[in-house]
Amino acid sequence: MKEAPVKKEAFPEEIAGAIARECGIEATEAASLLVTPPRPELGDFAFPCFQLAKRLRKAPPAIAQELAAKLPPGLGLFERVAAAGPYVNFAVKRPIFAEAVLREAIADGAAYG
């Protein structure tokens, strides 16, 4: 049986869900904190750990290191998960992401973008 195609929204949703499970926060809260890294070589999505510092009573860089270790690239949609200072960066698997974007563009036609 063939798997359903991945949607573009699945990438941040997967990150938020994984972080929520590891940190005991709501997925919506984790999703609201996701940002784009300032440099493309860092990845495609970044999760800042500042908000978790008080709750977990740890420094943001330590939280980022722990999270990155618990969220291996095996998340499925990501080729790399790495800590950089107080951020956990996620690099998407390009073929899967490109397919998701192209499917959305084709489905939306002239209304895309």
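Residues are numbered from 1 along each chain as its sequence is written, and side-chain values use heavy atoms, with hydrogens and water left out. Because the model is predicted, local features need pLDDT of at least 70 and side-chain atom pairs count only at pLDDT 80 or more, whereas totals for chains, interfaces and linings use all residues.

A nonpolar core is taken as a set of buried Ala, Val, Leu, Ile, Met, Phe, Trp, Tyr and Cys residues joined through side-chain atoms within 4.5 Å; buried means under 20% relative accessible area, exposed over 50%, and partly exposed in between (1.4 Å probe, protein chains only). The largest such core has 28 residues, of which Ile 19, Phe 47, Leu 67, Phe 78, Val 88 and Phe 90 touch the most other members. At least two residues of this core are supplied by each of helix 1 (10-23), helix 2 (27-33), strand 1 (45-48), helix 3 (50-56), helix 4 (60-70), strand 2 (78-84) and strand 3 (87-92). Helix 1 gives the largest share, 7 residues. Helices (H or I, at least four residues) and strands (E, at least two) are DSSP runs, numbered from the N terminus.

Next come the cysteines. With a disulfide defined as a pair of cysteine sulfur atoms within 2.5 Å, the count comes to 0. For Cys 23, the nearest cysteine sulfur is that of Cys 49, 7.0 Å away. Cys 23 is buried, with a relative accessible area of 11%, and Cys 49 is buried at 0%.

Helix 5 (residues 94-108) has 15 residues and should span 21 Å at 1.5 Å a residue, the expected span being 1.5 Å times one less than the number of residues. Its end C-alpha atoms are 21 Å apart, which agrees. Gly 109, with a positive phi near 60°, follows helix 5.

Arg 57 also has a positive phi, of about 55°, although it is not a glycine. Arg 57 sits in the loop between helix 3 and helix 4 and is exposed, with a relative accessible area of 76%.

Finally, Val 6 lies in the segment before helix 1 and is partly exposed, at 29% relative accessible area. Leaving aside neighbours within four places in sequence, Val 6 is in contact (heavy atoms within 4.5 Å) with Phe 11, Leu 77, Ile 96 and Ala 100. The C-alpha atoms of Val 6 and Pro 37, 31 residues apart along the chain, are separated by 23 Å.
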